[in-house]
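Please read this report alongside the sequence and the 3D structure shown below.

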Amino acid sequence: MTPFKLTDDLLAEIRELIANKNNGELQTMMKEFHYADIAEIADELEVDEATYLIKLLDSEKTSDILAEMHEDIREAVLKNLTAKEIAGELSELDTDDAADIINELPKEIIQEVISEIEDREHAKDIVDLLRYEEDSAGGLMAKELVKVYENWTVTSCVKEMRAQAENVTRVHSIYVVDDEGKLKGRLSLKDLLTAPTKSHIKDIYIPKVDSVNVNEKGEEVARIMSKYDLEAIPVVDEIGRLVGRITIDDIVDVIREEADKDYQMAAGISQGVEVSDSIWVLTRARLPWLILGLFGGLGAAAIMGTFEDMISKHAVLFFFTPLIAAMAGNVGVQSSAIVVQGLANDDLKGSMRNHLLKEMLLALLNGFILAILLLLFTWIWKDAFTTALAISLSLIVVIVVAGLIGTFIPLFLHKRNIDPAIATGPFITTSNDIFGILIYFWIAKLILGI
């Protein structure tokens, strides 16, 4: 299968078919594409064109297309559909995807859409999912799964499984519950096929099964599934009853969204934004950190102002100020990025003191090597050994302090349940700029005896 690539020529051809209402040729063309590819096409069309395409194709395919479309485009398309048309699309989706789409609808039409869903059990499951937080296990799970009761015989189990599997896109696991619906374990298909037909499930199921609570955070679910290489994980309520399952495709979305959020936060963007957002939304996301950077710069300038006499006598110190600030910022960001990555992957073990000690030794080694290079360069350039020594020693101390700050702050924030990703961007850079310049001029003043 050749990977799909949306070209300008293909997009122009599709737009022309839509404009001419050449439905037959358009439907034939769309049959050749995967629903994810059609979603990519729809994202590039005008809203009216995307709506036309959605209304043209069968709900069995367009429901998956809607689930894959960009949220903003999907929201605009849904506004052009009636409550009955939306209900028809949701009827073809798994409950988790349907609940996600319903959450995007205006509140005044949600009830109307739900009332239009013909399968009342499907509608009930969707409504049940809406009561959970979007980023919780309950908000991520789907109701579709295969479960069997421990007191069933193998014969009755196979019969019931056939009926349940009709509503499940992919059967990852078979879950075993007791008469109260509490999760007891999982059933191996091999054990089921090789067991005597009159055997009871309670005699052949595997009692060990990983599960998560409905209120567990999505990030924690992702960590568990990644750690144990799970394709799906069952979700239980507060008393242990099986209420749904989360599949790997939902967790991939969580991981991507979390990575996007952390990347933006590291870049100094305080809320989730996209390139298609309005200038006002983008400004609100960026401005807080830019203001922080502005005040940080003013603070650094004020510090330099207090050493004005020293700078006037040793102008060379001024030339190295950007270098010191840049090195402080770089080292701090490197340190914090490694710590945040370790926290995100749950790889960071040991006490804070041990991490700080290790970072201090690492910073000393790096600082010493860089300081030697800087000392030689400055000495040769300015033929002033004492000045070169002052700048080089300052660099070592600045690198050590920046490394400690970059390590300490994310660990400190994590212990107080604050997202440590905030410590990988302008926050660290700005604070290290200020401390770096203060340390730089203070040590220079001490060594030069001014």
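## Contacts and burial

Of the contacts in the protein with a separation of 6 or more, 66% are between residues 24 or more positions apart, where a contact means heavy atoms within 4.5 Å. This is a predicted model, in which local features need pLDDT of at least 70 and side-chain atom pairs count only at pLDDT 80 or more, while totals for chains, interfaces and linings use all residues. Residues are numbered from 1 along each chain as its sequence is written, and side-chain values use heavy atoms, with hydrogens and water left out.

Of the 450 residues of the protein, 43% count as buried (buried is under 20% relative accessible area, exposed is over 50%, and partly exposed lies in between, with a 1.4 Å probe and protein chains only). The accessible surface comes to about 25000 Å², and 56% of that surface belongs to carbon and sulfur atoms; the areas come from the Shrake-Rupley method with a 1.4 Å probe.

## Overall form

The protein has 22 helices and six strands, which are DSSP runs numbered from the N terminus, with at least four residues (H or I) for a helix and at least two (E) for a strand. Because its radius of gyration is 30 Å, well over the 22 Å that the globule rule gives for 450 residues, the protein is more spread out than a compact globule; the radius is taken over C-alpha atoms, and the rule is 2.2 Å times the number of residues to the power 0.38. Taken along the principal axes, the box filled by the C-alpha atoms is roughly 90 × 65 × 45 Å.

## Salt bridges

Eight salt bridges are found in a search of the whole structure, each being a side-chain nitrogen of Lys or Arg within 4 Å of a carboxyl oxygen of Asp or Glu. One of them pairs Arg 74 with Glu 104, with the closest N and O atoms 2.4 Å apart. Arg 74 lies in helix H6 (residues 71-79) and Glu 104 in the loop between helix H8 (95-103) and helix H9 (107-116), so this pair ties together parts that are 30 residues apart in sequence. Arg 74 counts as buried, at 5% relative accessibility.

Asp 135 forms a salt bridge with Lys 217, the closest N and O atoms being 3.7 Å apart. Since Asp 135 lies in the loop between helix H10 (120-130) and helix H11 (137-140), and Lys 217 in the loop between strand E4 (212-213) and helix H14 (218-227), the pair ties together parts that are 82 residues apart in sequence.
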